[in-house]
Amino acid sequence: MDGAQTTKAIRVHKYGGPDTLKLDEIPLSSPGPNEVLIRQRAIGVNYADIHTRNGRYPLPSLPHVIGGEGAGVVEALGRDVDHLQIGDRVAYSSGGHALPRGSYTEARVLSADRLILIPDEIEDETAAAMITKGLTTHYLLHDVFRVQPGQTILVHAAAGGVGVIMSQWARYLGARVIGVVSSKAKAEIALAHGCHHALVGDIDNIPARVRALTAGEGVPVVFDSVGQDTFEASLHSLRPRGTLVSFGTASGPIPPFDLFRLNALGSLYVTSAAFHWHLRNREEVLTRAADLIDVVLRGTVRIPVNQRYPLADAAQAHRDMESRTTAGMSVLIP
């Protein structure tokens, strides 16, 4: 392959709003040892991309391609790659530090060891949309707080990308799922994707409504990707010795907090569950991915790709996500 080839990509030249995303022509190198060149067919959009764009998750340098998730076809192999072939369909997530960010592009070179083979039954858009969110769901439900049959759990943003996967998977595990959503339309999506109850409305009223559904006790766990706006409601929805799992801050960072309050609220537990620390090596990635692919193939977990945008319209995808007008998954099409 000619190392002088180029590819179109969305780059951040300075941190800020959606208008800082620019479509550029950038060099495309040949794969080196243990690397492959992927021609991408679909790119997942995650809230972490917004944090990257605005500088909360800093990039190593500017300008830089953003994005952490994609699916495509192996187009070229570097030396010493023996577990993949040209033409293989693969997907990946660069959550944390596993792979460099940079998925908003037509083609890219990546380390081969974190790539996940995708079966023919799973379409490209589905694969691109499900990897980061599905792997996140797996470690949250199986490791951070091991959900058991008969438990009632609370899931914020239940109509969002992680929310719809988590609600379906938790229900499959035997849990009763209470979802929190921002509109009646999203409540319908949540109820169609695993939730037994979908709570709409003023976040301050959520704890009382949760307790009404749990005989006054509260839930053993709250999964909260919203952050600042929902933190207090999450704490007050927990039963004694319950666990708040914080894994995102879509509404902003959680303010400083007096740990002694956890004592007064019932000896509660709070954890911040990062992707990187639960997918530190190839074995962890492939083991979790195998479970994810299994539940998707069996129809236990459905992946609703509800928003599709051309790669050049990445800024609009970000505007829609930030305005909370999206539901389920969004993808960019190169």
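**Salt bridges, buried side chains and a pocket**

Student: E322 counts as partly exposed, at 32% relative accessibility (buried means under 20% relative accessible area, exposed over 50%, partly exposed in between, with a 1.4 Å probe and protein chains only). What kind of model does this come from?

Tutor: Good place to start! Residues are numbered from 1 along each chain as its sequence is written, and side-chain values use heavy atoms, with hydrogens and water left out. Local features need pLDDT of at least 70, side-chain atom pairs count only at pLDDT 80 or more, and totals for chains, interfaces and linings use all residues; this is a predicted model.

Student: Which residue meets E322 in a salt bridge?

Tutor: A salt bridge is a side-chain nitrogen of Lys or Arg within 4 Å of a carboxyl oxygen of Asp or Glu. The partner of E322 is an arginine at 3.1 Å, N to O: R53. The two lie 269 residues apart, with E322 in helix α10 and its partner in helix α1 (residues 47–53) (helices, H or I and at least four residues, and strands, E and at least two, are DSSP runs numbered from the N terminus).

Student: How many salt bridges does the structure hold, and which residues form a network?

Tutor: Besides those above, D294 and R298 pair at 2.7 Å, N to O; D294 is partly exposed at 34%, and R298 is also in that class at 44%. Salt bridges with shared partners join R41, R89 and D124 into one network. The total for the structure is 13.

Student: Is E69 buried or exposed, and which side chain makes a polar contact with its own?

Tutor: E69 belongs to strand β5 (residues 69–77) and is buried, with a relative accessible area of 0%. Contact means heavy atoms within 4.5 Å, and the residues E69 touches, leaving out those up to four places away in sequence, include Y92, S103, M130 and K133. A polar contact is a pair of N or O atoms within 3.5 Å; within protein, one must be able to donate a hydrogen and the other to accept it, and residues adjacent in sequence count only if both atoms are side-chain atoms. At 2.9 Å, the side chain that meets that of E69 in this way belongs to N46.

Student: Which side chain is joined to that of T152 by a polar contact?

Tutor: T152 lies in strand β9 (residues 152–156) and counts as buried at 11%. Beyond four places in sequence, its contacts include I178, T214, V219 and P220. The polar contact, at 3.4 Å, is with the side chain of R176.

Student: How much space lies in the second largest pocket?

Tutor: On a 1 Å grid over the protein atoms alone, a cavity is a set of points where a 1.4 Å probe fits but cannot get out, while a pocket is an open set with protein on both sides within 12 Å along at least five of seven lines; lining residues have an atom within 4 Å of a point. Grid points are joined across faces, edges and corners, and a volume is the space filled by probe spheres set on the points. For this pocket, the volume is about 280 Å³.

Student: Which residues of the lining are closest to the centre of the second largest pocket?

Tutor: The lining divides into nine nonpolar, five polar and three charged residues (Ala, Val, Leu, Ile, Met, Phe, Trp, Tyr, Cys and Pro count as nonpolar, Asp, Glu, Lys and Arg as charged, and the others, Gly among them, as polar). Of the 17 lining residues, the closest to the centre of the pocket are I26, P27, V65, G102 and R108.

Student: What is omega for the cis peptide bond at P63?

Tutor: Most residues other than glycine have a negative phi, and most peptide bonds are trans. P63 is placed in the loop between α1 and β4. Its cis bond with L62 has an omega of about -5°.
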